[in-house]
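This report describes the fold of one protein chain, shown below.

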Amino acid sequence: MKRTISISLAVLAAVCLFRASQLLNTAHAQNGRGPVIHGVNPESLPDNPNAPETNRGARVGDSLTTGGTGVVTPAITYHGGPLIGTPTIYLIWYGNWNQANGSDTPAGQQIVRDFANTIGGSPYFLLNTSYNAGGMVITGAVVFGGEATDTGSQGTRLRDSSVLAVVNNAISSGKLPYDQSGVYFVLTSSNISEQSGFCTRYCGWHTDGSATAGHVRYSFVGNANRCLSACAAQTTSPNGNAGVDGMISVIAHELEEATTDPDLNAWYDSGGSENADKCAWTFGHAQYQVGDGGRGPPLSI
Ligand SMILES: [Zn+2]
């Protein structure tokens with residue numbers, strides 16, 4: 001398991017992320033400040049033959065793209081809102097994560113836990129420390145705070161409001177603590193749909209909202225096994241679970257955006273793109289691997 005997770009993190013969790021002063025532009029512009037999405041793989045879209053060079057993702061089956069280092073506009077700027085110094089990851093497994101499809105499985109859940117336990121302090125995540133602002137410090141550390149299960153309280157066809165309801169239930173029921181530095185991830189099994197556009201418009205998103213206990217930051221990420229061409233960079237995956245390996249990349253993306261723009265009023269550019277949006281679907285910058293009991297050096301491919 002150590003060997004396979006090291007490959008997963010090196011290859012799939014390492015969506016490129018640039019320092020604040022060195023950002024790539026993509027066509028991921030967001031208009032308005034609702035939930036901020038991680039768009040689908042642009043190469044999966046039927047009418048996108050001329051996508052901007054920087055936004056060309058990998059075709060399923062192709063080798064992964066590598067990141068660049070160009071400085072482009074629009075620049076990402078700080079808008080005065082809060083940051084999360086050290087985020088705590090909470091996982092909420094929604095739906096049926098014990099299926100016989102080879103993806104929604106306990107082994108798949110373990111891949112995500114391994115990621116949650118090791119992303120903090122990695123060269124990849126430490127790039128977010130260049131976004132300190134307003135007297136706040138992003139430490140680069142990440143805590144894995146725990147997990148909960150919801151087998152389907154909101155049915156199999158979710159709305160954005162259902163995702164908040166899942167988070168609220170997990171906290172109100174005491175399955176998870178209320179944590180002002182928490183980022184609550186609702187991770188859906190591949191039989192669950194999200195009606196606002198999972199697999200067609202996005203692979204995940206993050207936002208903030210009001211739970212009974214207070215203000216929360218939360219994210220939706222669905223198992224990419226539901227739509228590998230749209231939400232995975234490759235179908236031959238490091239851990240033999242293309243759906244969950246695809247999720248890991250989206251979770252990493254949403255985590256750092258929730259860190260640098262938790263309330264959608266901190267770091268983003270004039271088009272609404274947050275830091276990880278700048279290079280979604282490109283790989284190759286600040287990758288790292290987890291060795292036996294520790295983190296290995298950054299890798300480049
Ligand atoms: Zn994003």
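How many helices and strands does the protein chain have? The chain has six helices and twelve strands, where helices (H or I, at least four residues) and strands (E, at least two) are DSSP runs numbered from the N terminus. This is a predicted model, in which local features need pLDDT of at least 70 and side-chain atom pairs count only at pLDDT 80 or more, while totals for chains, interfaces and linings use all residues. Residues are numbered from 1 along each chain as its sequence is written.

Six strands make up an open sheet of mixed pairing, in the order S1-S8-S9-S6-S3-S4; two strands pair if DSSP finds at least two bridges between them. At the edges are S1 (36-39) and S4 (143-150), each pairing on one side only. From one strand to the next, the twist averages 20 degrees. Within the sheet, S6 (residues 182-188) and S9 (residues 214-222) run parallel and are joined by six bridges. Leucine 187 stands opposite valine 221 in S9.

Two helices lie across strands of this sheet. Axes are lines fitted to C-alpha atoms, for helices over the stretch in contact (C-beta atoms, placed from the backbone, within 7 Å), and angles run from 0 to 180 degrees between N-to-C directions.

In H2, the buried residues include Gly108, Ile111 and Phe115.

How values were computed. A residue is buried if 20 or more other C-beta atoms lie within 10 Å of its own, exposed if 12 or fewer, and partly exposed in between; C-beta atoms are placed from the backbone.
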